[in-house]
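Please look over the sequence and the model shown here before reading the notes that come after them.

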Amino acid sequence: MSTDIGASLRTTELTAAAAERTAAAFAAAGFPKMPARTLLALVSSEHGSLTAAELSERLGASAAAVSGAVRYLQTVGFVHRVSQPGSRRDLYALHTDEWYVVSMRNSPVYEKLAALTDATAETLPEGSAARVRVAEMARFYRFLNSRMPGLLDDWEREREAGSDHH
């Protein structure tokens, strides 16, 4: 084996290991594990796209596990399927725009958490310490929800400024 191939293999292994650690952190934060692993495999791939077979091989996972993960990622808007002319194999690709910003901009997650937390607070005795804590949690989620658009705008400006330096 030439040193170029060996170095390339080591880089691939290091990238795969780092992507797995990142996916584990996503999973610990509540993102489903297999979709997290699949997302990181796509993000860390050279072109931001892989076939189901490539994902299966890269992740050491069954076709069914990859299929479920890709379906989940399509549902939440992180990836899309790209037909390859002359091939029956579809390519799964990240959206070319900032999929993570798009997902947060269109996500009702904090609003939902606030409503659900409010509903929990309403079941607790009026004036109780528990109700106050749960209501405070709902206020926090509303705060996050109200600040998210401005935060995303700030990120887009930061990203633009950063691209001027490259």
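The report below takes up a helix pair, a salt bridge and a pocket.

## Basis of the model

This is a predicted model, in which local features need pLDDT of at least 70 and side-chain atom pairs count only at pLDDT 80 or more, while totals for chains, interfaces and linings use all residues. Residues are numbered from 1 along each chain as its sequence is written, and side-chain values use heavy atoms, with hydrogens and water left out.

## Helices α2 and α3

Helix α2 (residues 33–43) packs against helix α3 (residues 52–59) at an angle of about 105°, their axes being 10 Å apart; helices here are DSSP runs of H or I with at least four residues, numbered from the N terminus, and axes are lines fitted to C-alpha atoms over the stretch in contact, with angles running from 0 to 180 degrees between N-to-C directions. The two helices are therefore roughly perpendicular, a term that covers 65 to 115 degrees.

In this contact (heavy atoms within 4.5 Å), α2 contributes Met34, Arg37, Thr38, Ala41 and Leu42, and α3 contributes Leu55, Arg58 and Leu59.

Six salt bridges are found in the whole structure, each a side-chain nitrogen of Lys or Arg within 4 Å of a carboxyl oxygen of Asp or Glu. In one of them, Glu20 meets Arg37 at 2.8 Å, N to O; Glu20 lies in helix α1 and Arg37 in helix α2, so the pair ties together parts 17 residues apart in sequence.

## The pocket lining

α1 (3–28), α2 and α3 each supply at least two residues to the lining of the second largest pocket, and α1 gives the most, with seven residues.

How values were computed. Parallel < 35°, antiparallel > 145°, perpendicular 65-115°, else oblique.
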